[in-house]
Amino acid sequence: MPSESKATAVHLNCSTADKPGTSPRFDEELAAETTRLRWLHGLLTGELAAVDGRAATARATPAGEELSARWERDVSEFRWSERAGALRAARAGLCFGRLDQREGAPTYVGRIGLTDPADGESALIDWRAPAARPFYCATPVTPLGVTRRRHFRLAGTAPDERVATFHDDVLDGELADDTEAASDPALLAALKAPRGSTMRDIVTTIQAEQDDIIRLPLAGTVVIEGGPGTGKTAVALHRVAYLLYTHRDRLARSGVLVVGPSAGFIRYVGGVLPALGESAVVFTTPGRLAHGVVATAADPPEVARRKGDLTMIEALRRAVADRQELPAETIRIELEDVTLELDRATAREARRRARATGQQHNAARSTFRDTLGRLLVDQGLERLDTRLEDPPELAELLAGLNLPEIEPAGAAEVSAELRHELREELRAAPEFHEAVEALWPLLTPQRALADLFGSLDRLAAASGGPDHAPGGSTDPGSVDGSVDGSVDGSVESTDLSVLYRAPGSPWTVADAPLLDELDELLGPLPADAAAAKSSIAEPDARYAEGVLTVLTSADRDLAGEDADELRASDFVTAEQLAARHVPGVPLTVAERAAGDRDWRYGHLVVDEAQELSAMDWHVLLRRCPSRSITAVGDLAQRSAPAGARSWADVLGPHLAQRWTHRSLTVNYRTPAEIMVPAAAVLATYAPEHRPPDSVRETGEQPWERTVPPAELSAVLSAVLDAERSRLDGGTLAVIVPEDADPLPAAVAGVAVHTPSSSKGLEFDSVLIVDPGRIREREPADLYVSMTRATRRLGQLHLTS
Ligand SMILES: Nc1ncnc2c1ncn2[C@@H]1O[C@H](COP(=O)(O)OP(=O)(O)OP(=O)(O)O)[C@@H](O)[C@H]1O
């Protein structure tokens, strides 16, 4: 770009009424902006070619056997490929704004930062850079040095995009008018546009109150609360992009975990971060919190409440301790010359020693088995010794003869040999192994939980209390510690019988954190642990050690003097890193993190956070030791029985007072006409919550109709036909009660949701069938359903 046009700052006060063709001056400027946009595309194309070339060169570089060379090559290839990905993602809609300052040349704001190679000056500012902040925050009252902000509307496809039109906010002294958000044409155009099947990013129109939250510091936990449509999800996702940009060195390695309410929601929002050029993100749902399990079923409310309570942590510890049993009757093990008796005292001693190791249940089993074996061999030796002794009469006679003491020749050897024989025999005895399996079984979380919920006795033992000592015994002396030594029988008992269910029942969402907690208590099966260890080749382990050293020293540089900062080694061990590193397969952080239960993320985002139970939070926080968390939610939309009634209730036990609260108040989704009846529903069950203020009106009133069930099919068919014809490329959804009867064929081809599956989503047109039933079950569900609509809402009531 020639430098004089780069420096030109034409202070033309274009009103929002300006359109191409309405003034020669406007058209001239439009052409100049398009020229500049094309120049920026040229820069991007040039950088992309250079970066692709560097990635290819790095890939082709032979690194030999030298581990540090391999590390350097891999890092280099990864970094160049990452930049190439970000450049590609930024092509569409590359530059969307311009800032004219009181001094100096105008700056251009876009989806990525670009530099002019001719002079090394910044040609385009990344929207996340501090210099771009005035684009979102400057107001006539606080102009932040900006005299004019220009929003571009682009047309065409990259690299041939053009500026179709632009709109200026004049922030300069007397010329400035205090423009309301609602009169921002770029925002209104974005809000009026028909919705697609996936969420779009909002980089071009982020509002000041949203930008404030997006740019909050990385450290600490923030709860963002706001009514439906206030942009909580959008803000949380853009905050992730901002954090990855600002703290790339730290977060791109550890990744960010985003938890959303459903798989449908994740599909809906999953494209936003890739579109912003970010990939180090893992998405999951509460039903997937346990490794290897996808739980979708729901529990009855009282069961979900109980499962979501933190008392389950202690109950599960007791349930695991209960699997470390004493035999009800003495178990006899017949060996060749002697019968061994595995009685309660022997088992108790072996259990005491195994528990004292402090290891997880599955790892501690080998101590239990080996101790039991040793005690039984001792018992066998004792029994054989006694049997070999002379009868008492003979011993008396021999004593009377007063013969000199005869040293038993090689007694020690005889005993060692005998011990060896007994040990081998015991090792080969199936009864011994059956006894070990019965008294201290190897357990997966799934088996442990299914066994627990399928047995009233086990549930009683896990409930605690004086009558239910874990470990198959009411003998108080038998409760001698736990897997981690913390079960002492003193914790208050909880009646868990409500959790009983028929064996073979599907996993529920509320089971997921319990399975994860059990995973923590049980640990891997020894075979898995051994396999994981042996699969780590020696050079890979050394490679990982090297990586860890580099990362840790880089972290130290980043962390400065702050002793509270976590280092790479706080998150991973070299062994874990090696296990995650597959030579020759450069997995992304997201891929590696998603496949690793023990991965510790650098930041955690929880969407629809009001739905999470205390147990969900408990297991999630384990994945984020830095407690760098963004939680977004709305207590008025809570329908999960174990969800949050107050943020202090769910966060207090984990974070005490160490979290902050921010609010969003403007509804960018639901038009005012729809918010009126939605607010009326809210007032019936949560009058303490203020509905958000809609940013726009559409002039279209929501409608309601009552039909007899027999006519539902015909009415639905007619209504849906009419809606389809008005969609104009937008989206339509029917929302039915959670326990609805199958819908008539008329809805074929239309997205059908329940209130819970519609959480976090939005559609241009929403039709609610049988709202009375939805409300009867959970009034918040009706509020959620009504506020999914961006344009039209209809409700079909059924006569009883
Ligand atoms: N600044 C903005 N510019 C353009 N669109 C926006 C802006 N803020 C929010 N929106 C749009 O408003 C809609 C609602 O946003 P979002 O889904 O993030 O709200 P929410 O608070 O998470 O809603 P809910 O709690 O109901 O799920 C989305 O289409 C989003 O893209």
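1. A polar contact is a pair of N or O atoms within 3.5 Å. An oxygen atom of the ligand is 3.1 Å from a polar backbone atom of Gly231. Please remember that this is a predicted model.

2. Two side chains also come up here. For Arg195, an N or O atom of the side chain is 3.4 Å from an oxygen atom of the ligand. For Glu608, an N or O atom of the side chain is 3.2 Å from a ligand oxygen. How much of the ligand does the protein bury? Taken alone, the ligand exposes 630 Å², and the protein buries 97% of that.

3. Now look at the shell. There are 24 residues around the ligand, and Thr205, Lys232, Arg669, Glu762 and Arg788 come nearest. By class, the shell holds eight nonpolar, ten polar and six charged residues.

4. Which elements give two or more residues to this shell? They are helix H5 (185–192) and helix H7 (232–246). H7 gives the most, with three residues.

5. Next, the domains. Domain 2 covers 209–293 + 531–666, and domain 4 covers 669–798. Both give residues to the shell, so the ligand lies between them.

6. Helix H31 spans residues 779–786 and is mostly covered. Seven of its eight residues are buried. These are Ala780, Asp781, Leu782, Tyr783, Val784, Ser785 and Met786.

7. What covers the buried residues of H31? Both helices and strands are involved. The helices include H28 (672–685) and H30 (771–777). The strands include S18 (732–735), S20 (763–769) and S21 (789–798).

8. Turn to Arg150, in strand S5 (residues 146–155). Is Arg150 buried or exposed? Buried means under 20% relative accessible area. Arg150 has 0% relative accessibility, so it counts as buried. The side chain of Arg150 also has a partner: a polar contact of 2.8 Å joins it to the side chain of Asp168.

9. Exposed means over 50% relative accessible area. Pro62 has a relative accessible area of 73%, so it is exposed.

10. Last, a distance. How far apart are Pro62 and Gly120 in sequence and in space? They are 58 residues apart in sequence. In space, they are 32 Å apart, C-alpha to C-alpha.

Key:
Residues numbered from 1 in each chain as written. Predicted model: local features only at pLDDT ≥ 70, side-chain atom pairs only at ≥ 80, totals over all residues. Heavy atoms only, no water. Helix = DSSP H or I, 4+ residues; strand = E, 2+ residues; numbered from the N terminus. Buried < 20%, exposed > 50% of the residue type's maximum accessible area, 1.4 Å probe, protein only. Polar contact = N/O pair within 3.5 Å; in protein donor to acceptor, adjacent residues only side chain to side chain. Near = heavy atom within 4 Å. Areas by Shrake-Rupley, 256 points an atom, 1.4 Å probe, with all protein chains shown as cover. Nonpolar A, V, L, I, M, F, W, Y, C, P; charged D, E, K, R; others polar. Domains from an automatic or database assignment. Contact = heavy atoms within 4.5 Å.
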